[in-house]
Amino acid sequence: MSLATNIQTDGDRLWQTLDEMAAIGPGVAGGNNRQTLTDADGEGRYLLKRWCERAGLSMGLDTMGNMFFRREGTEPDLEPVYMGSHLDTQPTGGRYDGVLGVLGGLEVMRTLNDLDIRTRRPIVLVNWTNEEGTRFAPAMLASGVFAGVHEEDWAKARVDREGKSFGSELRRIGWEGDERVGARPIHAMFELHIEQGPILEDEGVDIGVVTHGQGLWWLEVTLNGRESHTGSTPMPKRRNAGLGLARVTELVHETAMAHQPDAVGAIGHVEVYPNSRNIIPGRVVFTIDIRSPDKTVLDAMRERIERGIAEIAADLQLEFGVEPVGHFDPVTFDATCISAVRSAAEHLGLSHRDIVSGAGHDACWINRVAPTSMIFCPCEGGLSHNEAERITKPWAKAGADVLLQAVVETAEIAETRG
């Protein structure tokens, strides 16, 4: 199919849909706290289901809670074209991370209905379960099971901080289906997402054509020292796990800086015990997040950090443990899907640039089993995983328009009745 059509989405309707979803699981500062498999997540799923049913879509639900909404093609035996992302958020998350990809996909379906356009291939909108990985690590858990990266039993046994398992919480909120995970054929998949970085806004570019995704290691580190009084313990006698945390923090930063321009690293989640003002920390548990689009660099960073942790622990008389709790290799997205995104942006007269995703996304796993690419729109200040996350209505519409064009090109118009 040639992109000879100027069909575009309804930006006002998309924006209203985003606002309505944001009313579910509101945060304390204008964003969202709709963590996976909470009551708020369940409520958001029901709203999406109602919208999709009104659009004439049929729903499938697999045993990991992944939701699939199908618009039939004129040749229903052909493999469908997929689009989507996730509805779950960080505890202090924004209104658009992931959600734009799901509701932008819904807007694509609504636009095709409005214009009475039929495609040869079916089109499927998907909401992947537990992309964020905040409550149940690792991230992209259900799409990882779909792609064969994780075993389903292992995934369902993951527990949150309260000891509640993924499987039990999925059943509790009523979103465990009976469809076998990974059974669905996929011709291609497109994921619309906010950039979560500053490049597009800084350069005044409308669309990011995502060609690669950074690889990632999450390393959970435990340092054990000895709890003792902060006032009466002589400095040379201390076994301060908190000091070990500080030195490892500096190690991670120095390691990432030594592998520029694209490597990044930081420590995010930290637990300090006993977390008292006048007790030297006897134990700390924290997670290191390192990323690079180059596998050789990524593995070298991990080796340097683990070696450095051992050296720091020996110097401070600490016991230590390092456990990998999340990983994926760098991703190269499908050339044909990338071309469809680039062609769509050019056809619509939108400025665009190739870009590497600094964050992990469900598309990174699905790329293992089907041709996949991503579409980025800018976000203000590059800020994400924060309630202050913002995008504009024109940015959202431009991303949805590119998604529409790329999906239609790939699914192929069969007939237009309008």
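A residue is called buried here when its relative accessible area is under 20%, exposed when over 50% and partly exposed in between, using a 1.4 Å probe and protein chains only. The structure is a predicted model, in which local features need pLDDT of at least 70 and side-chain atom pairs count only at pLDDT 80 or more, while totals for chains, interfaces and linings use all residues. Residues are numbered from 1 along each chain as its sequence is written, and side-chain values use heavy atoms, with hydrogens and water left out.

Under "binding site", an unreviewed UniProt entry lists His86, Asp97 and His193. These residues span 108 residues in sequence, yet no two of their C-alpha atoms are more than 9.8 Å apart, so they gather at one spot. The UniProt positions follow the numbering used here, feature names are shortened, and annotations may be inferred rather than shown by experiment.

His86 lies in the loop between β3 (81-85) and α3 (99-114); helices (H or I, at least four residues) and strands (E, at least two) are DSSP runs numbered from the N terminus. With a relative accessible area of 0%, His86 is buried. Leaving aside residues up to four places away in sequence, the residues that His86 touches include Asp97, Trp128, Glu132, His193 and Asp362, where contact means heavy atoms within 4.5 Å.

Asp97 is also placed in the loop between β3 and α3, and is buried at a relative accessible area of 5%. The side chains of Asp97 and His86 make a polar contact (3.5 Å). Such a contact is a pair of N or O atoms within 3.5 Å; within protein, one must be able to donate a hydrogen and the other to accept it, and residues adjacent in sequence count only if both atoms are side-chain atoms. Beyond four places in sequence, Asp97 touches His193, His385 and Glu389, among others.

A further "binding site" listing in UniProt, again from an unreviewed entry, names Asp97, Glu132 and His385. These residues are spread over 289 residues of sequence but cluster in space, with a largest C-alpha distance of 9.6 Å. Glu132 belongs to the loop between β5 (123-127) and α4 (141-146) and is buried, its relative accessible area being 6%. The side chain of Glu132 makes a polar contact with the side chain of Gln90 (2.8 Å). Not counting residues up to four places away in sequence, the contacts of Glu132 include His86, Asp97, Trp218 and His385.
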